[in-house]
Amino acid sequence: MNWINRRKLSATEAIKFNSQPCITPDSLWGTLHNTFNYAINCQVNVDILNEIENKFTSSWEPFSKFEFRNAISKCNNSLAPGPDKVIWCHLKHVLKQEECLLNIINIANTCINLGHWLNYFKCSLTVIISKPNKPKYDHPKAFHPIVLLNTLGKLIEKVIAERLQFIVVNNNFIHPSQLGGLKFKSTSDAGVALTHIVRSGWAKNKSTSVLAFDIAQFFPSLNHCLLTITLEKAGLEPKVASFFMDYLVKRKTNYNWNELSSPILKVNVGVSQVSALSPILSALYLSLLLYILEKHLKNLKIPISFISFVDDSLIITQNKSIVTSNSQLFCSYNILSKLLDKFGLIVEHSKTDIFYFNRSHGVFNPLPLDLSAIGGPILKPKDSWKYLSFIFDQKLNFH
């Protein structure tokens, strides 16, 4: 039986790494592994989290049968399995047996209580596919890693993620502007929120200036130490934080490139983007950064608001003068870049963008925003701008 529908990579020129072509399988695996896990040597400053107070500790109750049945009912049977070759319809059939369900719940509860994630669940298969519409495919960043995890482990992760989100939303730990990685939030919410901010500014005769930025290699760059401290700050029991300390480390994968398969390699950085836990863990990580950024800007009396959808975020300012707005955005971007560095993250400057909303009927030609002094690009105004699934123009006439 073909457990995974193969998608062969098209013939391309040799991938280059540090200007050298990869002409052997070993050099290919080394290049892919270093590219997808480059953040392993990034330094962080854990002291930065001292600026955030801890939430009161919330109790972590044993898992229930309802939680597992609810989680598995939402799983798509057509999804590819991981190394265990177990597909969702098989696991659904198994969980119809009460004894099997109780045994799996017992495994999940024991993992939390002992602060241990089984090595079996830490093994993954990484399938390499090409990103569409790239002009050249001679660089590893033109390819995307699809990580396949063991199915039973994915189910337990889904249940933990549901519980984790309930706790941190209930105690208001998530930053209000964080709209990504959460249940009942979508790109539509981000678009509606931005539209509301723009129209509120117009009611005060103010133009809205938006600086969009993207975090490079976000999920693979999340620092395990900072993430564990973040969970403690969020008010989780010590045993849950201990569980995640073990959950995040000593992971292993092997890469599949067409018919080629790599040896087993260690993965000890970031979180898997396909894991059910990655959205809520990334939201927690970014929430602390947003709280600290907001605090620093408030101390400098810079009136800024945010919208964040996973790693695609906006810095928003409203003024009657574009010059004032550009000055505030410059300072905010500078502080943001320094904070991201302390979190082990990097702004992808090539994706930074500026857009101005203005409903005046006269000529509107705002000056470019020059971020070159702080390592960023020179951003020129546009007539239209795409954010998530929306295309905006200056007067909010949607397309």
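Modeller: The largest pocket has 41 lining residues, and those nearest its centre are His 144, Pro 145, Gln 217, Pro 220 and Gln 273. Two or more lining residues come from each of β3 (123-130), β4 (143-149), α7 (218-221) and β6 (251-257). The biggest share belongs to β4, with six residues. The space in this pocket is about 1100 Å³.

Some terms need their cut-offs. On a 1 Å grid over the protein atoms alone, a pocket is an open set of points with protein on both sides within 12 Å along at least five of seven lines, whereas a cavity is a set of points where a 1.4 Å probe fits but cannot get out; lining residues have an atom within 4 Å of a point. Grid points are joined across faces, edges and corners, and the volume is the space filled by probe spheres set on the points. Helices (H or I, at least four residues) and strands (E, at least two) are DSSP runs, numbered from the N terminus.

This is a predicted model, in which local features need pLDDT of at least 70 and side-chain atom pairs count only at pLDDT 80 or more, while totals for chains, interfaces and linings use all residues. Residues are numbered from 1 along each chain as its sequence is written, and side-chain values use heavy atoms, with hydrogens and water left out.

Back to Gln 217, one of the residues nearest the pocket centre. Gln 217 sits in the loop between β5 and α7, and its phi is positive, near 45°, although the residue is not glycine. Its relative accessibility is 26%, which counts as partly exposed; buried means under 20% relative accessible area, exposed over 50%, and partly exposed in between (1.4 Å probe, protein chains only).

Gln 273, another residue nearest the centre, is touched by Ser 278. Leaving out residues up to four places away in sequence, Ser 278 also touches Phe 219, Val 271 and Ser 272, where contact means heavy atoms within 4.5 Å. Ser 278 belongs to helix α10 and is buried, with a relative accessible area of 1%.

Helix α10 (278-299) is also one of the elements against which the buried residues of α8 pack, together with α5 (151-170), α9 (238-247) and α11 (322-342). Seven of the ten residues of α8 (residues 224-233) are buried, so this helix is largely enclosed by the rest of the structure. Among the buried ones are His 224, Leu 226 and Leu 227. After α8 comes Gly 235, with a positive phi near 90°.

Asn 205 is not a glycine, yet its phi is positive, about 60°. This residue is exposed, with a relative accessible area of 59%.
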